[in-house]
Amino acid sequence: MKILSVVGARPQFVKLAPIAEAAIAAGAEHVIVHTGQHYDPMLSDVFFAELGIPNPDVHLGVGSGSHGVQTGAMLAALDAVIDEHRPDWVLVYGDTNSTLAATLSAVKMHVPVAHLEAGLRSFNRRMPEEHNRVLTDHAADLLLAPTEVAARHLAGEGLADRTVVVGDVMTDVLYRVRDEVSGTPSRLVEELGLEPGGFAVATIHRAENTDDPDRLRAIVAGLAAADRPVVLLAHPRLRARADAAGIALDSGNLVAHAPLGYPELISAVMAGGAVVTDSGGLQKEAFLLRVPCTTIRTETEWVETVELGWNVLIDDPADVPRSLRRAAPQPTDATPYGQGTAAQLVISELAARVADAR
Ligand code: UD1
């Protein structure tokens, strides 16, 4: 079986790690295509190096641009790549313009497409990720749903017969890295002289939070007013927007810091004891580490984290300090994201269908 993975953005490299490992273990041929959507070393190369991911076989070097320009450049470049490799499956990793471009290219060339993270919905039609997910789900041949909730969304859209629940591959890598970093001190704690258990890790990068200067200013003010240090791991988009609007990221209790590699991020979240974010992945990672999370968004795709009490959505950034002070959630042993074995299941689902087709 030959699988061609198309990745381009930071969280996709994390999800690629367990897939690449499971593909090798199953003896599958795995071609890795990096679109170049993320190109800064701390958003890209560091994940390949630290998570032991094989280097990409193909790098499209597409870079940044408006949605249409970026997606179009990828689409144009991917036709030749997919045609050259003619894989049994093109595997796409969800949410991003890289996912949509690879899906469109593959379906038009009659190459089967499997969508990891199928069925996630925010029901917010203003988010680029929501357009990308819905379009990808309706074009793909196999919908690899991470949760039962995602599978229900797909059934509601008439896609049940293409859906299989496999669990969440990010959970696989999170458990592995958590076990590797447990017991070693967080470098961030040492570098910034933080008190373990006494700070929050924050990330903000969504367009709806960064691109309106008034909104961004209010978020920075909310974080700065927290009752403890808040370390903001600043995505380049956030820094660019803050600079353009003349917003100082270091103020009050807020300390801006460069993004971290994955093991260091997990170590910092475990050490800090609190998370404030608008990232989908980090909400889920906080839950899996049983660290309370505050999410600055009006909705989430990972509703289980909210229902189980570990994640709180806030729209008004002035509520950040209050949310950080809230009482500890009820302990839970629920596993809505699987047992950490999703990648093996993905590879066996793909292999079973290749065998059936032959
Ligand atoms: C993308 C995904 C988002 C995902 C996020 C993870 C889409 C529509 N969005 O958002 O779903 O959660 O990745 O981080 O695909 N930039 C750099 N260096 C880089 C990459 C980007 O400086 O290596 C800056 C550029 O100014 C660029 C901006 O960040 O224009 C936005 O990058 P882009 O890839 O368009 O989207 P993200 O916000 O990263």
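Q: How much space lies in the second largest pocket of this predicted model, and what makes it a pocket rather than a cavity?
A: About 180 Å³ of space lies in the second largest pocket. A cavity is a set of points where a 1.4 Å probe fits but cannot get out, whereas a pocket is an open set, so the word pocket says that this space is open.

Q: Which elements give two or more residues to the lining of the second largest pocket, and which of them gives the most?
A: The elements are α1 (10-25), α7 (169-181) and α16 (342-357), and α1 gives the most, with four residues. The residues that line this pocket include P18, E21, A22 and A25, as well as D172, V173 and R176.

Q: What makes β8 and β11 a pair of strands?
A: Two strands pair if there are at least two bridges between them, and β8 (residues 200-203) and β11 (residues 275-277) have three bridges in the parallel sense, so they pair. In β11, V276 is the bridge partner of A202.

Q: Why is one side of β10 and of β13 left without a neighbour in the sheet?
A: The open sheet of six strands has the order β10-β9-β8-β11-β12-β13, with parallel pairing. β10 (254-257) and β13 (311-313) stand at its edges and each has a single partner strand, so one side of each is left without a neighbour in the sheet. From one strand to the next, the twist averages 20 degrees.

Definitions and conventions
Residues are numbered from 1 along each chain as its sequence is written. This is a predicted model: local features need pLDDT of at least 70, side-chain atom pairs count only at pLDDT 80 or more; totals for chains, interfaces and linings use all residues. Side-chain values use heavy atoms; hydrogens and water are left out. Axes are lines fitted to C-alpha atoms, for helices over the stretch in contact, and angles run from 0 to 180 degrees between N-to-C directions. On a 1 Å grid over the protein atoms alone, a cavity is a set of points where a 1.4 Å probe fits but cannot get out, and a pocket is an open set with protein on both sides within 12 Å along at least five of seven lines; lining residues have an atom within 4 Å of a point. Grid points are joined across faces, edges and corners, and a volume is the space filled by probe spheres set on the points.
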